[in-house]
Structure formats: structure tokens, C-alpha cells
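Visitor: Hi! I'm new to this one, could you walk me through it?
Guide: Happy to. Let's bring it up on screen.

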Amino acid sequence: MITATTDDLDARLDSLLARRSDLAAAAALQRSLLGRMIALAGQLATGSHAAQTPGLHLTTVSRLKQGLPALRGGDVTMPVELLASELVPLSDALAEGGAGDPAHHISEAFQSGRIDPGSLLGASFRRDQAAVRTFANHAALSPDLLWLVGELTVGPFAFCLQVDVFDDEKARAARDAWDRGYCPACGSWPAIAELTGGARHLQCSFCAAGWQPSACRCVYCAEEGPAFSLAAPDEECPAWRLELCAACGGYLKSIEAAAPSTYPLLAVDDMETTPLDIAAMHRGYHRPPLQDFGAALSTRAADCRAADA
């Protein structure tokens, strides 16, 4: 499993700050959040969670051929205790990084037991936005911020699972043949399209699985006619573009890169290219909600000491 190290993260952020000193506060927050995610992925990679997903290994190829994400079928044993230990630190880091009282309230809700960690983490892993919103509303918390905390916490686990699931020749071949806009592992949308050596590489915003559709078209509705276009709204950054779809109103950021980003460093590019998000929204474009794939993935809790023995 290849992940970035904290040294890689520091180098990437230092390079960014050399160009953009105005992003110092955002970079400090990324250093804290992504550093914890790198450490958590390292802990998970040394555990036995991969051996607890035999159903996913057996059904990956058939699910992908049906257009269904690999991680959306079978049972997954989630090391809830290990993952839950990150909920308060990540919430506190967000609070200190600018999210303020709303993030502090989420941290307090975890500490007081007003939110059950297993339920939140399971809903986040299943990409169940409605469930997370319900948890937030019942606890009088920010739904978007609670969703972010869940994503940051479960993301390393999802990353390790998809690496394990695609560590198989037939599964990799099925993934390489994947020609849809949503992630072949978890069904989330890509974060950014990276143009590397003439190829358009998509990387999932959640589990970091990568894939290359056969054509440059809208990742949301597959439009590739006149309604789909490329725009370069920032003359100072010609390597940044927007993929805009008038058919569904969706947009995706596109950047030129020497090579696909290593997990989880694409988040740094996502942060740096925020002006593209603003430009797209000013034009009336948006990021659509996640796909609904019907029956949810079944998750079972496991004590982290057992899962990582």
C-alpha cells in the first residue's frame, strides 16, 4: 500500500506556501488533519481488517461489471474503537483551524455520548448523507461539519479497504475497465481530474481509488456533446480548468499534474484550487449529491484491539 508520509505532506505544503503565503492558515489545518489521516492509515495497514472482507473479494468483479461499486456489497467489520478515537481530535483540529464553536459542539457531543460513534462511522462509510444529517439535526449540530468529521475519520479505513480489494489481478482489470464517473470502489464522485502525461486520471474524494474513463465527458451524467465544455477561468493558472456540464449543471475541477497524487495529498490540491469552486458556483454550477445504490453495505463493529491484532 502506497501512502504519502508526513515528510511528503510537509514538503507539499511548504512548496504551496512558498507560492501562496496567504494560505498559511488553511495549510496549517491541512497539516494537522492530513497528518492524522496518514498516521491512521498506517495503523490500519498493519492490522487484519483485509481478512475480514472475504465477501468483497468474491464479488468485486461481478459487481463492477454491473456498474456497482466494489465496497457497496457484502459485510465489512469496522474497527470502531480505533476510528472513534480520532473523532474528538479531528473535531478539535477543525475548531482550532477556523470552524470555531460548531466544531467544538461536535467534539462535546462525542465526549458526552450524544452521538453514537459506531452509528456515525457506519453511516459515513456507507455514504449515507441522510442518516448523518438526521444525527446532526437531533443533536443540534452542523450537518455539513458532522459529515466532514465522519469522512475524515473513516476515509483512511475506506482507502485501506479499496487497496486490499483491488490487490487482485482480476479485480484490477475490472477496475481498469471501469468507464463511469463515480468511484469503482465506494461510489463517491472524484475530487479532481488530474491530467498526467496526456491521460485524464480521476481520484475518489473519499477512498482515493483511481480510474481512467475512456472519454472526457461529464462524470455525473455522461454528457459528452456540446453541453459539456472546458473552461479556464483563471488566466494566472492556465493549468487549472473547469469541466462544466450544461445538461446536469455539474462541474469538476481539472488540473495538470506530473503524476497522480498519493493518498491523501490530493486534498492539498483541492484546497489550493478553491477559486475554481467559487468560479463554478458563480456560473450556477454545483456538485451533485452522491449516487443511491439501493441496499446499503452492511457494517459490523469490531474492537480495534481485535481488528488490529
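**Around strand 7**

Guide: Let's start with a pairing: arginine 241 has serine 254 in strand 7 as its bridge partner. Keep in mind that this is a predicted model.

Visitor: Which strand pairs with strand 7 over five bridges, and in what sense?
Guide: That's strand 6, residues 240-245, and the pairing is antiparallel.

Visitor: And how many residues sit between strand 6 and strand 7 in the hairpin?
Guide: Five residues lie between them. Glycine 249 is in that turn, and its phi is positive, about 80 degrees.

Visitor: What about strand 2, how does it pair with strand 7?
Guide: Strand 2, residues 190-196, runs parallel to strand 7, with three bridges between them. As a bridge in strand 7, glutamate 194 has isoleucine 255 for its partner.

Visitor: Is strand 7 largely enclosed or open?
Guide: Strand 7 covers residues 251-256, and five of those six residues are buried, so the rest of the structure largely encloses it. Buried here means under 20% relative accessible area.

Visitor: New topic. Where is glutamate 272?
Guide: Glutamate 272 belongs to helix 11, which covers residues 266-272.

Visitor: Is glutamate 272 buried or exposed?
Guide: Glutamate 272 has a relative accessible area of 10%. The cut-off for buried is under 20%, so glutamate 272 counts as buried.

Visitor: Then what is glutamate 272 in contact with?
Guide: Setting aside neighbours within four places in sequence, its contacts are Arg12, Leu16, Arg19, Arg20, Leu23 and Trp240.

Visitor: And glycine 225, where is that?
Guide: Glycine 225 is in the loop between strand 4 (210-211) and strand 5 (228-231). At 26% relative accessibility, glycine 225 is partly exposed. From glycine 225 to cysteine 245 is 20 residues in sequence, and 9.4 Å in space from C-alpha to C-alpha.

Visitor: Let's zoom out. How many helices and strands does the protein chain have?
Guide: The protein chain has 13 helices and eight strands. Its radius of gyration is 19 Å, close to the 19 Å that the globule rule gives for 309 residues, so the chain is as compact as a globular protein of that length.

Visitor: What are the spans along the principal axes?
Guide: The C-alpha trace spans about 50 × 45 × 40 Å.

Visitor: And what share of the residues is buried?
Guide: Buried residues make up 50% of the 309.

Visitor: Last one: how many positive and negative side chains are there?
Guide: There are 24 positive and 37 negative side chains, and the centres of these two sets are 6 Å apart.

Notes: Residues are numbered from 1 along each chain as its sequence is written. This is a predicted model: local features need pLDDT of at least 70, side-chain atom pairs count only at pLDDT 80 or more; totals for chains, interfaces and linings use all residues. Side-chain values use heavy atoms; hydrogens and water are left out. Helices (H or I, at least four residues) and strands (E, at least two) are DSSP runs, numbered from the N terminus. The radius of gyration is taken over C-alpha atoms; the globule rule is 2.2 Å times the number of residues to the power 0.38. Buried means under 20% relative accessible area, exposed over 50%, partly exposed in between (1.4 Å probe, protein chains only). Lys and Arg count as positive and Asp and Glu as negative; His and the chain ends are not counted. The place of a charge is taken as NZ of Lys, CZ of Arg, CG of Asp or CD of Glu. Contact means heavy atoms within 4.5 Å. Two strands pair if DSSP finds at least two bridges between them.
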